[in-house]
Structures are given as structure tokens and as C-alpha cells.
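Keep the sequence and the 3D view open as you read.

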Amino acid sequence: MSNILATINSIKLLVLATCIYACFNLKLKKHNTLLFLIITVRFCTEVLTSILLYGGISFSFLTTLSIIIHHALWLYLITVICSNTAKGYVPLFFFLVFAFVNLFFIEGVQTFNARTFICGALLYVLLFLYWSYYHLRKENFPFFTSNNYLLLASPILFFLGFSFIFGFKNKMLNTTIIFGDIKLYSLISYFVNITYYSLVNIYIYRNKKEQYAE
């Protein structure tokens, strides 16, 4: 249990560092505003969950609401960058409908809505693969080296890693010792979060350099 809490605390520091870095280096224009909102949502969630945890209050509804906003913003972001047509917003609309139906009629407000996380994550990954294939077929190779593509790729492992954890819903599996005293949940959580925020920070750094070059 102490290792899991240590992992969570380390991730909170990572989120805080990313939020501070974004505040000073991310110019809020175009889709950068969406990215800043995503980072802000993650930061506020970490702060509020810490407060609720300290007070012994359940934060299941908070984390579910946070995931709905987080996933919706990523789905909106990939649509703005890659499509921005009425048809392109269908996956986002579908996700929001599913999320609220799941929240009020299926998994409920008293528990974390794992199905909502998995639904939004898989939708995003499918959209990412579709647009990657689309530009590959068009031989638009600069798209894959662009900063926008780096941004769109940043949450992929985060989505897949936690979908794996939430999909099995097996506490014994999550607490399986991998090596030493490191559990499967801790290992995946560390890896996907570090990858996620590292790529976001690289995007912010490259975006800042592009602004100076203009």
C-alpha cells in the first residue's frame, strides 16, 4: 500500500511540474488552449483527490467527472487538428452520451466509471490510428514528424495502460509483484504517466521554439 501511495505522490509532483511549465511556456492559441485545459483538469483533480483522501471522503464521482472532461477534451483536440468537420465530432458526441448514461444508469455515481475511461480511451486510440493511416496513405510524411503528431501521440500509452488495468477489474492482478516490491499497478502507472507528461512537455518545449522561429 505504501508503494502505491508513493507512486501517486510522485505522479502528483509530475502533474504539478507540467502545469507550472505550461503556465510559463505555452502560448494559449489554437489547440494549445485545449492542451492547457487538459493539464489544468489533471492538476485540479490531483489536488482535490488529495484533499478528499485526507478527509476520508470518497472521490469516485470526482475522478469519473475528471475522466469525462479529460477524454472529451482529447477527442475534441484530435478532431480540431485532424478533421474539424461536423462528421468528425460524432465520436465525441457518442462518448459524452455513453459517459452520462453510464454515470447515471449503469456504473453509477458511487463508483469510479471504468467503462467510461475505456470507451473514451479506445475511441481516441482508434481515431489516432485512423488519422495516422490516412496521412500515411496520402504519403504526407511531414505529418508524422510534426509537433502536432507528437501531441496527439502523447496520451496513447496512458489510455492503453489504464484501460488494461481497469478492463480486468482484478485487484489480485493489480497487486501482483513484478520484481522487488513493485506491483503491476505501480509499474504501469509510473510508466504511462511519465511517458504521457514527458511527451506533453517536449511538445510545449518544441512549440515554444517554433514561436521564437516565427
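A disulfide here is a pair of cysteine sulfur atoms within 2.5 Å. The model is a predicted one.

Q: How many disulfides does the count come to by this rule?
A: Take Cys19, whose nearest cysteine sulfur, that of Cys23, is 4.4 Å away. The cut-off is 2.5 Å, so Cys19 is in no disulfide. For Cys44, the nearest cysteine sulfur is that of Cys19, 7.4 Å away, and Cys44 is in no disulfide either. By this rule the count comes to zero.

Q: Is Cys19 buried or exposed?
A: Buried means under 20% relative accessible area. Cys19 has 8% relative accessibility, so Cys19 counts as buried.

Q: Are helix 4 and helix 5 roughly parallel or antiparallel to each other?
A: Helix 4 spans residues 90–106 and helix 5 spans residues 114–137. They pack at about 170 degrees, with axes 9 Å apart. Angles over 145 degrees count as roughly antiparallel. Helix 4 and helix 5 are therefore roughly antiparallel.

Q: How do the residues of the contact of helix 4 with helix 5 divide into nonpolar, polar and charged?
A: Helix 4 contributes Pro91, Phe94, Phe95, Phe98, Ala99, Asn102 and Ile106. Helix 5 contributes Arg115, Thr116, Cys119, Gly120, Leu123 and Leu127. Gly counts as polar. The division is nine nonpolar, three polar and one charged.

Q: Are the rings of Trp131 and Tyr134 stacked or edge-to-face?
A: Trp131 and Tyr134 are three residues apart in helix 5, which means about one helical turn separates them. Their ring centres are 5.3 Å apart, and their planes lie at 80 degrees. Planes over 60 degrees apart count as edge-to-face. The pair is therefore edge-to-face.

Q: How many aromatic pairs does a search of the whole structure find?
A: One aromatic cluster includes Trp74, Phe112, Phe117 and Tyr197. Trp131 and Tyr134 have ring centres 5.3 Å apart, and rings pair within 6.5 Å. The whole-structure search finds 22.

Q: How far apart in space are Leu65 and Asn113, C-alpha to C-alpha?
A: Leu65 is found in helix 3, residues 60–82. Leu65 is partly exposed, at 33%. Leu65 and Asn113 are 48 residues apart in sequence. In space, the C-alpha to C-alpha distance is 9.0 Å.

How values were computed: Residues numbered from 1 in each chain as written. Predicted model: local features only at pLDDT ≥ 70, side-chain atom pairs only at ≥ 80, totals over all residues. Heavy atoms only, no water. Axes fitted to C-alpha atoms, helices over the stretch in contact; angles between N-to-C directions. Helix = DSSP H or I, 4+ residues; strand = E, 2+ residues; numbered from the N terminus. Parallel < 35°, antiparallel > 145°, perpendicular 65-115°, else oblique. Contact = heavy atoms within 4.5 Å. Buried < 20%, exposed > 50% of the residue type's maximum accessible area, 1.4 Å probe, protein only. Phe/Tyr/Trp six-rings, centres within 6.5 Å; stacked < 30°, edge-to-face > 60°.
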